Structure formats: C-alpha cells, structure tokens
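Good morning, and thank you for coming. I would like to take you through one structure, beginning with the whole chain and then turning to its sheets and helices.

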Amino acid sequence: MFQRNLSKIKHAMGFQVSQSNKQKKVKPFYCPDNDSVVDGTNVSLPLVNSPDVPGYASWLVNHPSALDTFDSITNEAKGKRVVVFLDYDGTLSPIVEDPDKAFMSAEMRMAVREVAKYFPTSIISGRSREKVKEFVQLSNVYYGGSHGLDILAPPRAVKSFDKKENEVAFQPAKSFLPAIQEIAIELEDTIREVPGARLEDNKFCISVHYRQVLPEDQEILKEKVRTLVENSPEFRLTEGKMVLEVRPSISWNKGNALNYLLDTLGFNDAEDVLPLYIGDDRTDEDAFKVIAGRREGFPIIVSSIPKDTIAWYSLRDPSEVLAFLLRLAKWKKSETSIFK
C-alpha cells in the first residue's frame, strides 16, 4: 500500500519512479492520517522515503523537516496571522527539462487554492507574471513575476485578503523595459551557436536555460553570457538551477517583494503576523533573509540535498510541499471550526 501511494503521488507531481525504487521500503512521515479532504475530495498525502543522501540527515538537524515539526509550527502560529508566500518552479512544480512544461499537478493546484481560502497567499516566481499565472490558474492568490519586479496587488492596504478588486501592477524596473528588449535580442544572438541553450523572456528579466546543453559546452555558454552582461552596466547576472538570469541592476529581489506585499496587504506593521515562505532556489534566500531578520516566521527551503541556506525548516521536494500545504489548510480549517 505504501509503495502504491508513493508511486501515485510522485506520478501526479511529474516525477519518474524506476522499477528499482518500487522495490524499496518506504518509511512514511508522521501524520495524523494519510488522507485530507479538499473541496470534498479525498487527497492522499505522500509517504516519503527516508533521506539517503550523504550528509542529509545531519543537515536536517539544523534545518528540520517542516512536516516532522508541523505541530510546533502550528503551535507558534496559534493566535497569529500567517501570510503565505510560495515560489513556483521546484516548489509547486517539479524541475523539468523543458521550462514550458513545468506544469503543476491538479492536486497541488487544489492544495494552493485551499490554503488561499484561509491565508493571504502570494506566488513569487522568476517567471513572467503572466506565465506563472497561466501555470497556476487560480484567482484567489496574488502573483509576483520576474523575481518580484512585476507584482499585481491592491493599490493600498486592505483589511481583508479576499478583496482583490482594483489591483494594480507594481513594476519598479519599468523604465528598463526598452533596454531589456535590446539585451534579449543580443542574448539570442549570443547563445545561438550553443546547442541546447534556450532563452526565456520573463519581461523584467531574461532567463538563459542550459539544462539541455552538453556539460562540456556549459562553461562556454556561461562565459558568453557573462561577457555580454559585464559590458552592460545596467544589468546584472544571477544563477539558478541550470539557468542564468539577466536582471536590471536595481536593488530589488524576492525579499523586497515579500515586504512590499506585506505592506500593501496591510500586514507589515502588525506584530501578530508570521510570514511563511517556501522556495527552493538561490533567489528565495533573499526572502528567507527578510523573515530571519524579523526573528519570527517560517522560512522553508525545498531541497533533497544538503545546501547552505538561511531557512530554518526544510521540505524534500514538491511532493512534501503538497503534503505540508494540505496539512496547513486542514489545520486552519479545524481551528476556524472551533471558534464558529
């Protein structure tokens, strides 16, 4: 039964399950029950393999699983207002070879929708805002694209997070758009001779994906892009998971986006607010840093290997993110029912 449940959830999340993996024993994480009801639908929570990566178990000592410590997280959140922030790629969807096919599962969409019923929820992605909204397909969340350089949110603080009328786009790098379009053309010419390199226009940042580039050509590609950006002082180069990102040289990142959304949603000055951010990449560290600076909240890294991070908690992969979100919504629903 454990193996069937694991295979089912991994398949739903877009993961591949080998025959050899199917033979391994599965140790479930602790959960009061293995099913959650979302919109009247039973959703099986994933049963997650024990970490088997060298050093992962010791890494978990400093970055404990948000599933294993779920009770302590919710105990801290009682009587407080939790505001949820989510990355997209590698968090709500698996990392895939073709960035245009990074689809989130129906189960994940259902979980995010349920979480957004009880908590103000924003998705902050490196993708363009339009692209991530197309992937997510939910109307009860706020969207921040281009690492927070393109945010659609209320024009002023609102007291209720479900009041989404009159949203306006906040675009601190809008003046860079003509230059971004120009460097996109130059980048296209620069990477043309590197087989497998792919350019993605995310409006306020340009991504160069090299997941399909041969290992021996990857450094060549990086050097080409690095040289171009070094000769363009209005831009800076950052790296993610098998992607180079050319971004405007302004002091703005996902941490700034988190603060902006807290402020515009009316939560920034409140002492009873706990931001919860789940992300898997280097750019998410800026948001983790903001939460760590507040000394309260829940920065959660998604990683199946040990890595340097400011995050206090961890989840292994998107299947664990799914399990966490379902439990979070279920907990809040039960809390709400008690006070009705």
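Helices and strands here are DSSP runs, a helix having at least four residues and a strand at least two, and they are numbered from the N terminus. Counted in that way, the protein chain has 11 helices and 14 strands. Please keep in mind throughout that this is a predicted model.

Of its 340 residues, 53% are buried. Among the contacts with a separation of 6 or more, 61% are between residues 24 or more positions apart.

I turn now to the sheet of 8 strands. In what order do the strands of this open sheet stand? The order is β7-β6-β5-β4-β3-β12-β13-β14, and the pairing is mixed. At the edges we find β7, residues 168-170, and β14, residues 313-315. Each of these has a single partner strand, so one side of each has no neighbour in the sheet. From one strand to the next, the twist averages 20 degrees.

Ser122 has Tyr142 of β5 as its bridge partner.

Helix α10, for its part, lies across β12 and β13 and runs at about 155 degrees to β12.

His147 is not a glycine, and yet its phi is positive, at about 60 degrees. Is His147 buried or exposed? Its relative accessible area is 3%, and buried means under 20%, so His147 is buried.

The next subject is the open sheet of 4 strands. Its order is β8-β9-β11-β10, with antiparallel pairing. β8 and β10 are the edge strands, each pairing on one side only. On average, neighbouring strands of this sheet are turned by 20 degrees against each other, with direction ignored.

Let us follow the pairing around β11. Strand β10, residues 235-240, and strand β11, residues 243-248, are antiparallel and pair over 6 bridges. Together β10 and β11 form a hairpin with 2 residues between them. Met242, in the turn, has a positive phi of about 60 degrees. Gly240 has Val243 of β11 as a bridge partner. With β9, strand β11 is joined by 4 bridges, and these two strands also run antiparallel. Here the bridge partner of His209 is, once again, Val243 in β11.

The loop between β8 and β9 holds Lys203. This residue, which is other than glycine, has a positive phi near 70 degrees. Lys203 is partly exposed, with a relative accessible area of 29%.

α8 lies across β9, β10 and β11, and runs at about 155 degrees to β10.

How does one describe a pair of helices? Two packed helices are described by the angle between their axes and the distance between the axes.

Consider α7, residues 177-191, with α8, residues 215-230. Their axes come within 10 Å and cross at roughly 150 degrees. Angles over 145 degrees count as roughly antiparallel, and α7 and α8 are therefore roughly antiparallel to each other. The crossing of α7 past α8 is right-handed. On the α7 side the contact is made by Ile183, Glu186, Leu187, Thr190 and Ile191, and on the α8 side by Leu221, Lys224, Val225 and Leu228. These residues comprise 6 nonpolar, 1 polar and 2 charged.

My last pair is α9, residues 254-264, with α10, residues 285-294. Here the axes come within 6 Å and cross at roughly 55 degrees. α9 and α10 are therefore oblique to each other. In this contact α9 contributes Lys254, Gly255, Leu258, Asn259 and Leu262, while α10 contributes Asp286, Ala287, Val290, Ile291 and Arg294. By class, the residues of this contact are 5 nonpolar, 2 polar and 3 charged.

Thank you for your attention.

How values were computed: Residues are numbered from 1 along each chain as its sequence is written. This is a predicted model: local features need pLDDT of at least 70, side-chain atom pairs count only at pLDDT 80 or more; totals for chains, interfaces and linings use all residues. Side-chain values use heavy atoms; hydrogens and water are left out. Axes are lines fitted to C-alpha atoms, for helices over the stretch in contact, and angles run from 0 to 180 degrees between N-to-C directions. Angles under 35 degrees count as roughly parallel, over 145 as roughly antiparallel, 65 to 115 as roughly perpendicular and the rest as oblique. A crossing is left-handed if the near helix is turned anticlockwise from the far one by less than a right angle, and right-handed if clockwise. Contact means heavy atoms within 4.5 Å. Ala, Val, Leu, Ile, Met, Phe, Trp, Tyr, Cys and Pro count as nonpolar, Asp, Glu, Lys and Arg as charged, and the others, Gly among them, as polar. Two strands pair if DSSP finds at least two bridges between them. Buried means under 20% relative accessible area, exposed over 50%, partly exposed in between (1.4 Å probe, protein chains only).
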